[in-house]
Structures are given as structure tokens and as C-alpha cells.
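Subject: Structure handover

Hello,

Here is the structure to look at, with notes on what was found in it. Please read the notes with the model open beside them.

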Amino acid sequence: MGNIISEIQNRYRQGDTSLRFIFINVGVFLVTALVSIALALFNLNGAGIFRWLELPASIIWLCYQPWTLITYMFMHANLMHLLFNILWLYCFGRLFLLFFSARHLRGLYFFGGIVGGLFYILAYNIFPYFKDSIDYSYLLGASASVLAVSIAVAVKSPEYKVNFMFIGTVRLKYIALILVVTDLMMITSGNAGGHISHLGGALGGWLFTSQLQKGRDITAWINKCVDICTGNWTSLRANRKPKMKVHYGKHRQNSHHNTKKKQQNDETDRILDKLKQSGYESLTDEEKKHLFNAGKK
């Protein structure tokens with residue numbers, strides 16, 4: 001048993017970021033499943049316990065359990081729910097790392113989940129359609145995070161081709177379009193909250209790539225928070241910008257001197273051209289004085 005645990009730990013350490021997220025999701029699922037089985041043996045229901053890890057649609061309940069905006073991303077309703085998300089994360093996580101860094105993947109997983117969760121809460125509290133189900137609706141699953149990763153890759157390289165079994169080669173832009181349109185058409189279905197969170201995750205993925213192309217990493221603050229929470233001070237120091245001292249006085253003096261000198265040289269050249277064309281008598285007193293002073297330097 002000890003060898004198995006050691007091997008899992010080694011695979012976790014050696015794996016890329018997408019594989020680490022898969023390990024975490026599988027681990028959380030196994031723990032919650034075992035706890036549910038143990039409670040069931042004593043005729044107890046674990047649903048009430050796990051509600052404290054799932055994201056509530058009610059803003060009032062969210063105030064009592066704000067951590068669920070993070071924990072819900074690692075909870076899954078059943079084995080099929082888990083398998084679908086980890087397979088999608090495995091495929092598109094690996095693809096994501098071809099275009100972006102591991103830190104970007106880590107940050108986007110959380111960012112996409114947060115945006116998806118906020119979308120879910122806002123939709124349930126804004127639209128009258130969900131009014132009767134606010135108090136007992138909860139969100140769980142990594143779908144919003146996975147959608148963020150998928151859409152980010154599609155925005156980065158829309159023409160990139162992916163092979164699907166029984167379907168063939170499909171460009172990423174069409175995959176992204178199908179995912180978004182499907183979720184839009186399903187926002188009044190039985191899993192309305194899930195599809196709404198998918199749209200939020202998709203928005204998060206689009207924002208990430210579009211802003212990164214402009215030189216702004218909107219996941220940087222999340223990575224800093226994760227580094228602080230995990231005690232990873234090395235990464236914090238590595239990503240800190242070096243301090244620079246800028247001295248303006250001498251630079252500005254030199255700049256002003258060079259500008260003035262250039263103006264004087266240009267004026268001298270102009271006067272010399274006039275002298276060649278029209279002779280010395282054509283020069284004004286000021287021009288003669290300028291030429292005399294220039295000759296002394």
C-alpha cells in the first residue's frame with residue numbers, strides 16, 4: 001500500500017499541470033465517495049455535509065460559505081460526470097500547454113471556474129425563470145474550468161486541427177462554436193446551472209487569451225494567491241520584477257544639450273548654404289554673428 005501511495009505521489013510531482021488537476025479531482029471524488037459509503041452504512045446521508053463544498057445559487061448562503069466559489073470546481077456528482085471532465089481536461093490541457101505556460105493553465109483553471117460560478121449565481125438571481133429554485137440549487141464540477149481552457153486554446157489558434165474518433169478532423173474554432181451554442185440552447189434545461197457556468201467559463205477563456213495577446217495576464221493575481229497559500233515563495237520571488245533606480249537629472253540635461261546642439265548645427269548648415277548661393281553680403285547681422293561664433297568652437 002505504501003508503494004502505491006509513493007508511486008502516485010511521484011506521478012503527481014512529475015506530471016504536468018493538467019495531470020495534477022486530474023489527480024486532485026480524482027482524489028477528491030474518491031474521498032467523498034468513501035465518506036458517502038461510510039455514512040450510508042450507518043443510515044446517514046452525506047449530502048448535507050457536501051453541500052458545504054458546493055456552490056449555492058443563493059447569495060445569502062454564499063455569504064455563509066464563500067470558499068465554495070473555489071471548492072465546487074473539484075466536486076463531481078457521479079463517476080460519469082468526473083470522467084467526462086478529466087478526459088476533456090487531459091486532451092485540451094495538453095493542447096493548452098503547447099501555446100501557454102503551466103502557470104497560465106493553473107491560473108486559468110481557477111479563473112474560469114470563478115467566472116463560471118459568478119455567472120451561475122448572477123443568472124439565478126437576475127432571471128425570474130430561476131426564482132423558485134434558488135434556495136435549493138447548487139453547482140459542482142470542473143466543467144467551467146475545462147471550458148475556459150478549451151476556449152482559450154481555440155481563440156489562440158482557431159485553425160488548429162483536432163482528430164476525433166468517428167468524426168475525423170475538426171478545427172478548434174468549430175469545436176468552440178459548437179460548445180458555446182449548445183450551452184446557450186440548454187440554459188433552460190434540467191442542468192441549467194451547469195450550462196450557464198459553462199458560458200461563464202468560456203467567457204473567462206476568451207478574456208484570458210485576448211488580454212494576454214495585449215500583454216496583460218489576468219490570471220497573474222490568482223497564481224500569486226496560490227503561491228502564497230501553498231508557501232511557494234520561490235515562484236513569488238522569481239516572478240517579482242527587479243527594482244530599478246532611474247536618475248532623471250543628468251539624462252535630461254544631456255538630452256537638452258544634444259537638442260540645442262543639433263539646432264545650432266542645423267542653423268549653421270542653413271547659413272553656409274545661403275553663403276554659397278548668395279554670397280557673404282546676403283547674410284543678416286544675426287547670421288554673420290552666428291557664423292562667427294560657430295567658427296570659434
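Leu 108 is found in helix H7, where helices (H or I, at least four residues) and strands (E, at least two) are DSSP runs, numbered from the N terminus. Leu 108 counts as buried because its relative accessibility is 0%; buried means under 20% relative accessible area, exposed over 50%, and partly exposed in between, with a 1.4 Å probe and protein chains only. Leaving aside neighbours within four places in sequence, Leu 108 is in contact with Phe 96, Gly 113, Ala 148, Val 149, Ala 152, Gly 204, Gly 205, Phe 208 and Thr 219. Contact here means heavy atoms within 4.5 Å. Leu 108 and Ala 220 are 112 residues apart in sequence, and their C-alpha atoms are 9.4 Å apart in space.

This is a predicted model, in which local features need pLDDT of at least 70 and side-chain atom pairs count only at pLDDT 80 or more, while totals for chains, interfaces and linings use all residues. Residues are numbered from 1 along each chain as its sequence is written, and side-chain values use heavy atoms, with hydrogens and water left out.

As for the whole protein, its secondary structure comes to 14 helices and 4 strands. Of its 297 residues, 36% count as buried. Among the contacts with a separation of 6 or more, 66% are between residues 24 or more positions apart.

Another residue of helix H7 is Leu 118. Leu 118 counts as partly exposed, because its relative accessibility is 39%. Its C-alpha atom is separated by 7.6 Å from that of Gly 200, 82 residues apart along the chain.

Next, the partners of H7. The axes of helix H2 (residues 17-41) and H7 come within 9 Å and cross at roughly 40°. Axes are lines fitted to C-alpha atoms, for helices over the stretch in contact, and angles run from 0 to 180 degrees between N-to-C directions. This angle makes H2 oblique to H7: under 35 degrees counts as roughly parallel, over 145 as roughly antiparallel, 65 to 115 as roughly perpendicular and the rest as oblique. On the H2 side, Thr 17, Ser 18, Phe 21 and Asn 25 meet Ala 102, Leu 105, Arg 106, Tyr 109 and Phe 110 in H7. By class, this contact of H2 with H7 has 5 nonpolar, 3 polar and 1 charged residues. For these classes, Ala, Val, Leu, Ile, Met, Phe, Trp, Tyr, Cys and Pro count as nonpolar, Asp, Glu, Lys and Arg as charged, and the others, Gly among them, as polar.

The axes of H7 and H8 come within 7 Å and cross at roughly 120°. H7 is therefore oblique to H8. Leu 105, Leu 108, Tyr 109, Gly 112, Gly 113 and Gly 116 of H7 make the contact with Ala 144, Ser 145, Ala 148, Val 149 and Ala 152 of H8. These residues divide into 7 nonpolar, 4 polar and no charged.

Helix H8 itself (residues 143-156) has 14 residues and reaches 20 Å from its first C-alpha to its last, close to the 20 Å expected at 1.5 Å a residue. That expected span is 1.5 Å times one less than the number of residues. H8 is mostly covered, with 12 of its 14 residues buried. Its buried residues pack against helix H6 (79-99), helix H7 (102-126), helix H9 (172-185) and helix H10 (192-212).

H8 and H10 pack at an angle of about 40°, with their axes 7 Å apart. That makes H8 oblique to H10. Residues of H8 in this contact include Leu 147, Ile 151 and Lys 156, and those of H10 include His 198, Trp 206 and Phe 208. The contact of H8 with H10 has 9 nonpolar, 6 polar and 1 charged residues by class.

His 195 is also found in H10. With a relative accessibility of 12%, His 195 counts as buried. Not counting residues up to four places away in sequence, His 195 touches Asp 183, Met 186, Ile 187 and Ser 189.

Asn 43 is found in the loop between H2 and helix H3 (47-50). Asn 43 has a positive phi of about 60° although it is not a glycine, and it is exposed, with a relative accessible area of 75%.

Regards
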